[in-house]
Structures are given as structure tokens and as C-alpha cells.
Amino acid sequence: MSKYNWSNVPEEVISIATDSDGRVLGYDVRDPYPSSNKDGSKGSYVRSYYWLLKSQKPYGGDWIDSLEERPNE
């Protein structure tokens with residue numbers, strides 16, 4: 001079962017993750033990597049370009065487990 005609804009996600013988005021603030025971000029790479037916040041804590045994934053996907057519900061678990069690659073259709 002998918003963590004996100006991929007039906008209206010732009011084709012350029014290859015993976016989706018929820019950051020520690022609950023924002024859902026789409027990335028144009030398969031494996032973005034965890035990023036540090038200014039205070040040194042981990043808080044989001046980064047790598048290449050991303051989109052803020054306001055229509056998506058945030059992942060309900062720990063943000064570090066939120067990364068999902070686009071399913072094969």
C-alpha cells in the first residue's frame with residue numbers, strides 16, 4: 001500500500017517524503033538524503049529539485065520512514 005496518493009503528482013517527481021515539520025515534498029531523484037536543520041537536528045530530505053505538494057496528506061509515522069519512490073504503473 002502506498003504512503004501517498006500519486007494520481008495528481010507531476011511526472012517529474014520520482015519520490016515523495018514528509019519532513020519533520022509535516023510538509024510533503026516531491027523530489028526529482030530516487031534517493032534524496034536526510035538533511036540537518038540549522039540546530040544540527042535531522043529534519044528533511046534534500047537533493048536536487050523538490051516541490052511542495054500541498055494536496056498530499058503528510059505521512060503518519062516518523063518522517064525518516066516517509067520516503068517513497070513513485071510506484072510502477
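Leaving aside its neighbours within four places in sequence, which residues is Gln56 in contact with? The list is Tyr4, Asn5, Val9 and Val24, where contact means heavy atoms within 4.5 Å.

## Ground rules

This is a predicted model, in which local features need pLDDT of at least 70 and side-chain atom pairs count only at pLDDT 80 or more, while totals for chains, interfaces and linings use all residues. Residues are numbered from 1 along each chain as its sequence is written, and side-chain values use heavy atoms, with hydrogens and water left out.

## The overall picture

The chain has six strands and zero helices. Both are DSSP runs numbered from the N terminus, with at least two residues (E) for a strand and at least four (H or I) for a helix. Along the sequence, that reads β-β-β-β-β-β.

Of the 73 residues in the chain, 33% are buried. Buried here is under 20% relative accessible area, exposed is over 50%, and partly exposed is in between (1.4 Å probe, protein chains only). The chain exposes about 5000 Å², with 46% of that supplied by carbon and sulfur atoms; the areas come from the Shrake-Rupley method with a 1.4 Å probe, and for residues only the protein chains shown count as cover. As for contacts with a separation of 6 or more, 48% are between residues 24 or more positions apart.

## The sheet

Four strands make an open sheet, ordered β5-β2-β1-β6, with antiparallel pairing. Its edge strands are β5 and β6, each of which pairs on one side only. Two strands count as paired if DSSP finds at least two bridges between them. In general, strands of a sheet pair through backbone hydrogen bonds, either parallel or antiparallel.

Going through the pairs, β1 and β2 run antiparallel and are joined by four bridges, with Ile16 partnered by Gly26 in β2. These two strands form a hairpin with five residues between them, and Gly22 in the turn has a positive phi of about 85°. On to β2 and β5: three bridges, antiparallel again, and Leu25 has Leu52 as its bridge partner in β5.

## Core and packing

The largest nonpolar core has seven residues: Tyr4, Trp6, Val9, Val13, Ile16, Val24 and Leu53. A core of this kind is a set of buried Ala, Val, Leu, Ile, Met, Phe, Trp, Tyr and Cys residues joined through side-chain atoms within 4.5 Å. In soluble globular proteins, nonpolar side chains tend to be buried together. In β1, Ile16 and Thr18 point one way and Ser15 and Ala17 the other, and all are buried.

Gln56 and Trp6 are 50 residues apart in sequence, yet their C-alpha atoms are 8.9 Å apart in space.

## Charges in the hairpin loop

What does the loop between β1 (15-18) and β2 (24-27) hold? Asp19 is found there, and Asp19 is buried, with a relative accessible area of 4%. A polar atom of the Asp19 side chain lies 3.0 Å from the backbone nitrogen of Asp21.

The structure holds three salt bridges, each being a side-chain nitrogen of Lys or Arg within 4 Å of a carboxyl oxygen of Asp or Glu. Arg23, partly exposed at 43%, meets Asp19 in one of them at 2.6 Å, N to O. Arg23 also meets Asp21 at 3.8 Å, N to O, and Asp21 is exposed, with a relative accessible area of 62%.

Arg30 forms a salt bridge with Glu69, the closest N and O atoms being 3.0 Å apart. Arg30 lies in the loop between β2 and β3 (33-36) and Glu69 in strand β6 (residues 68-69), so the pair ties together parts that are 39 residues apart in sequence. Glu69 is partly exposed, with a relative accessible area of 39%. As for Asp19, Asp21 and Arg23, salt bridges that share partners join them into one network.

Note on methods:
Polar contact = N/O pair within 3.5 Å; in protein donor to acceptor, adjacent residues only side chain to side chain.
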